[in-house]
Amino acid sequence: MKQTCLNCKFYKVEDPLSGYCRAEAQKAPEKAGQKPMVRHDSICAAWVDCGQNYYIRLGWIKAQEKKKTPDVRQ
Ligand code: SF4
């Protein structure tokens, strides 16, 4: 699997395309509150596998996209 922010331990999903990176805040307590926005498909050297959370995030994103798409089956 390709390494991206979406499957990184430090990522926090915010919307279907982006989220917050918690890497700085987790590494140094004095940097608490520093959570820059990043896109799902970004990547950096601090990447750490988030394991099963990746599938939970994908499910959440799919649910959000379903909500936005009007049901045209009528
Ligand atoms: S910017 Fe780096 S540390 Fe932050 S979520 Fe993306 S890959 Fe992870």
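**View 1. Leucine 6 and the residues it touches.** Leaving out residues up to four places away in sequence, leucine 6 touches Tyr11, His40, Tyr54 and Arg57. Here, "touching" is a matter of C-beta atoms, placed from the backbone, lying within 7 Å. Keep in mind that this is a predicted model: local features need pLDDT of at least 70, side-chain atom pairs count only at pLDDT 80 or more, and totals for chains, interfaces and linings use all residues. Residues are numbered from 1 along each chain as its sequence is written.

**View 2. The largest nonpolar core.** Leu6 turns up again here, together with Cys5, Cys8, Phe10, Tyr11, Cys21, Ala23 and Val38, in a core of 8 residues. A core like this is a set of buried Ala, Val, Leu, Ile, Met, Phe, Trp, Tyr and Cys residues joined through C-beta atoms within 7 Å. Buried means 20 or more other C-beta atoms within 10 Å of a residue's own, exposed means 12 or fewer, and partly exposed is in between, with C-beta atoms placed from the backbone. In soluble globular proteins, nonpolar side chains tend to be buried together.

**View 3. The three-stranded sheet.** This open sheet lines up its 3 strands as S1-S2-S3, with antiparallel pairing. S1 and S3 sit at the edges with a single partner strand each, so one side of each has no neighbour in the sheet. On average, and ignoring direction, neighbouring strands are turned by 45° against each other, using lines fitted to C-alpha atoms, with angles from 0 to 180 degrees between N-to-C directions. Strands are DSSP runs of E, at least two residues long, while helices are runs of H or I of at least four, numbered from the N terminus. Two strands pair if DSSP finds at least two bridges between them.

**View 4. Strand partners up close.** S1 (residues 11–13) and S2 (residues 18–21) share 3 bridges, and a hairpin of 4 residues joins S1 to S2. Tyrosine 11 has cysteine 21 as its bridge partner in S2. S2 is also joined to S3 (residues 37–39) by 3 bridges, and glycine 19 stands opposite valine 38 in S3.

**View 5. Alanine 32 in its loop.** Look for alanine 32 between helix H1 (23–27) and S3.

Terms used:
Two residues are in contact if their C-beta atoms, placed from the backbone, lie within 7 Å.
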